[in-house]
Amino acid sequence: MDKFIIHGGKSLKGEVSISGAKNAALPIMAATIIEPGEYILHNIPNLRDTLTMKRLLEMIGATVNYNNNTMEINTVDCDTPIAPYELVKTMRASFYVLGPFMSRFGEAQVSLPGGCAWGPRPVDFHLKALEQMGASVTLSDGMIHAKGKLAGVHIHFDKSSVGATGNVVMAAVYAEGITTISNAAMEPEIVALCDFLTDLGTDINGIGTDTLAITGGNKLQNGVEFNNIPDRIEAGTFLLAGAITNGEITLLNADPDHLKVVIDSLKQAGVTIETGRDWVKVTNPSKKINPVNMVTAVYPGFPTDLQAQWIALMTRADGHSIIIDDIYTDRFTHLAELSRFGAHIQLTQNRAEIYGIDKLRGAPVMSTDIRASASLILAALAAEGKSEISRIYHIDRGYENIETKLKAIRADIDRVKA
Ligand code: EPZ
């Protein structure tokens with residue numbers, strides 16, 4: 001297993017190009033199953049997760065050519081609505097094939113995803129919604145078996161769910177009648193999925209709001225060419241890298257509109273941010289970081305996928321800050337590792353109290369999930385001395401060529417075989 005060697009304490013400086021959004025690419029790749037056709041997707045990031053979804057599509061019978069971030073997917077010969085445990089256990093987002101299977105085949109066999117690094121991640125919202133739409137849903141040998149002709153109904157999610165919203169939208173495409181969803185997820189990645197389905201001919205009202213209405217039954221065209229949106233979580237991570245190292249980084253191919261709360265929070269922390277149509281520049285002339293309390297929330301709130309990275313920044317703030325994760329109350333495996341850099345953090349349930357210190361010191365640490373890995377990289381870049389980060393296959397799931405991008409902005413980072 002690879003690891004990163006980082007010699008920190010240097011200010012990062014330069015330009016970085018933001019890759020396509022992982023969490024938009026995955027549902028959109030799954031949506032190509034709904035209607036047999038030839039799809040050309042641009043700005044698809046080269047990640048372990050997108051390669052896992054490519055393998056899953058090929059197991060289902062699709063052919064996929066992937067070159068230079070463009071994915072050509074032909075789903076004409078798909079004939080096996082099965083997503084096996086061996087794939088789903090490595091990537092929970094494989095569950096996104098459930099809705100497309102129901103729309104294309106009227107049946108599905110999808111492995112129940114296990115937990116993840118930070119605890120259980122149920123899919124009850126997805127299953128309850130399909131049952132409401134008329135599917136019979138059973139569980140046997142760890143596999144979800146769903147079957148039936150779906151009809152449009154009103155679905156209300158007690159808690160906003162990105163995945164469940166995506167699956168219901170994709171299941172509604174060929175359901176009889178109109179499916180309405182209240183408390184739908186408004187994340188840009190769900191907007192991108194809805195835009196993709198609209199380009200194919202689906203009629204969706206309320207895109208970008210928490211109330212969606214999908215008119216089922218419109219015959220989709222047999223394929224489309226689509227440009228994926230930029231990855232706002234990668235972009236936020238690089239903005240925090242600029243802040244924590246007192247650097248000067250310009251993000252290219254970013255979308256500032258997807259980063260409003262992150263930009264506002266960084267300004268509260270005393271960092272300077274400039275933006276343009278598709279770029280964002282971060283500088284930290286004061287070289288100080290103000291403590292800023294944070295509570296994660298669904299979009300457009302502060303994303304849980306940047307909680308770990310924000311905590312890394314707060315470890316070097318001038319004072320005490322409180323970070324609460326209300327989306328995943330147990331997503332704190334990174335705290336013990338951050339403490340190895342000398343950070344002072346106390347955790348009480350889903351509330352982390354960080355007492356900022358002047359200098360972090362390099363240390364060997366271990367990644368536990370995609371975003372925890374990112375927080376350890378940020379801390380290592382800021383820390384004095386050498387750090388080693390192991391199990392970096394986690395970071396390769398969600399960040400494209402991260403060490404190449406970091407080297408290009410003066411980071412001293414090398415990937416070595418462990
Ligand atoms: C998506 O996961 C993202 N993954 C996650 O990013 C992200 O952290 C999460 O949304 C929240 O923004 C992808 O898009 C591939 P949810 P998802 O359903 O859809 C509860 C990353 O690092 N819930 O919005 O699985 C759930 O436990 C990953 O890129 C149920 O209780 O998240 C959580 O508390 C990590 N029952 C809340 O809802 C359900 O059936 C939000 O989860 C579904 C969800």
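1. Which domains does the domain assignment of the chain give? The chain is split into domain 1 (2–19 + 230–417) and domain 2 (22–227), with bounds from an automatic or database domain assignment. This is a predicted model: local features need pLDDT of at least 70, side-chain atom pairs count only at pLDDT 80 or more, and totals for chains, interfaces and linings use all residues. Residues are numbered from 1 along each chain as its sequence is written, and side-chain values use heavy atoms, with hydrogens and water left out.

2. The C-alpha centres of the two domains are 30 Å apart. Contact (heavy atoms within 4.5 Å) involves 24 residues of domain 1 and 22 residues of domain 2. The two domains bury about 1900 Å² between them, 52% of it on carbon and sulfur atoms; buried area is the accessible area (1.4 Å probe) that two parts lose on being put together, summed over both. On the domain 1 side, Tyr299, Arg397 and Glu400 lose the most area to domain 2, together 31% of what that side buries.

3. Polar contacts (pairs of N or O atoms within 3.5 Å) reach oxygen atoms of the ligand from the side chain of aspartate 305 at 2.6 Å, from the side chain of arginine 92 at 3.1 Å, and from the backbone of proline 122 at 3.3 Å.

Terms used. A polar contact is a pair of N or O atoms within 3.5 Å; within protein, one must be able to donate a hydrogen and the other to accept it, and residues adjacent in sequence count only if both atoms are side-chain atoms.
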